[in-house]
Amino acid sequence: MNKKEPRLDKNTHIGKDKHLSVKKRYSVTFPLHAHDYFEVEIILEGKGMQYINGKKQELQRGSISILSPSDFHEVIAESNKSLMAWNISFDETVLSSGRLESIFLKGSGFTRTLDEATLKKVDTAADLLMKEAKCDGCIRPLTEYLLTLLMDADDFSEQLLPMRKAILFIETHFRENPSLSDAAKQACLSPVYFGNLFKQITGKTYVDYLNSRKVNCAAMLLESGFSVAEACFSSGFGSLSGFLHTFKQKKGVSPENYKKMHKK
């Protein structure tokens, strides 16, 4: 992946004016990357490891990952042998608001290992989704059904709570530097009340939460070989000086030293 293009583009990888892509593919490695869409990986054959937001996890038959636009992902197959997997990529229009909520409430980079019976159901559902991908009326119910199997959850039909909707907005738009007022509008709350409630729930001020999210994103980019300037602007900072100050404040070292410490 080009270092100057850390995020895979929906128009390129899903298709212009398309909302869903379903592929069964073989891969050995996939360098660290993010995307501006959601992605589901379901391992059918092979073993290996993956890093999601810097956390190492083993891969085997039945391993699944659900990645949002805020996640970074890297895959390495065992002994350079191919992994066979379903890769399902889609944008937010494919999901109900409740399902979007459930993905973020599960935490960044949701993973689990399916039992054999569930994996067979998922395999059948993914195959059907691939065949019906051009049928607009079929995409959402099939995708919702597949994600229900993957997440083992039945709460996706619940209404969004105001703060959850705001946090969902922040997690998907943090690179665009949304203001506190922007986030408060998502929760239909006044900026002052929202700011106070946000700190009570998250333990951080809005600005601190947003900066932490951007710094963590930049740290992942630095670890993967991006330059300090590339990491700065790709993670949503508007100026290099502001990035240097905030990064050192959060990580205790400068971006350049962090990059040297984590050089692969």
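Me: What percentage of the residues of the protein count as buried?

Reply: A residue is called buried under 20% relative accessible area, exposed over 50%, and partly exposed in between (1.4 Å probe, protein chains only). Of the 264 residues here, 45% count as buried. The model is a predicted one, in which local features need pLDDT of at least 70, side-chain atom pairs count only at pLDDT 80 or more, and totals for chains, interfaces and linings use all residues. Residues are numbered from 1 along each chain as its sequence is written, and side-chain values use heavy atoms, with hydrogens and water left out.

Me: What is the average pLDDT of the protein, and where is the pLDDT below 50?

Reply: pLDDT is the predictor's confidence in each residue, from 0 to 100. The protein averages 86, and 91% of the residues score at least 70. Over residues 1-5 the pLDDT is below 50, and beyond near neighbours in sequence this stretch has ten contacts in the model (heavy atoms within 4.5 Å). Residues 153-160 also have a pLDDT below 50, with 15 such contacts.

Me: How many disulfides does the structure hold?

Reply: A disulfide is a covalent bond between the sulfur atoms of two cysteines. The criterion applied is a pair of cysteine sulfur atoms within 2.5 Å. The structure holds zero disulfides. For cysteine 232, the closest cysteine sulfur is that of cysteine 217, at 11 Å, which is too far for a bond. Cysteine 232 is buried, at a relative accessible area of 0%, whereas cysteine 188 is exposed, at 69%.

Me: Which residues of helix H5 are buried?

Reply: An α-helix has 3.6 residues a turn, so residues three or four places apart point the same way. Helices (H or I, at least four residues) and strands (E, at least two) are DSSP runs, numbered from the N terminus. In H5, the buried residues are Met163, Ala166, Leu168, Phe169, Ile170 and Glu171. The helix comprises twelve residues, 162-173, and reaches 17 Å from first C-alpha to last, close to the 16 Å expected at 1.5 Å a residue; the expected span is 1.5 Å times one less than the number of residues.

Me: Is tyrosine 258 buried or exposed, and with which side chain does its own make a polar contact?

Reply: A polar contact is a pair of N or O atoms within 3.5 Å; within protein, one must be able to donate a hydrogen and the other to accept it, and residues adjacent in sequence count only if both atoms are side-chain atoms. Tyrosine 258 lies in helix H11 (residues 255-261) and is buried, at a relative accessible area of 9%. Its side chain makes a polar contact with that of glutamate 223 (2.5 Å).
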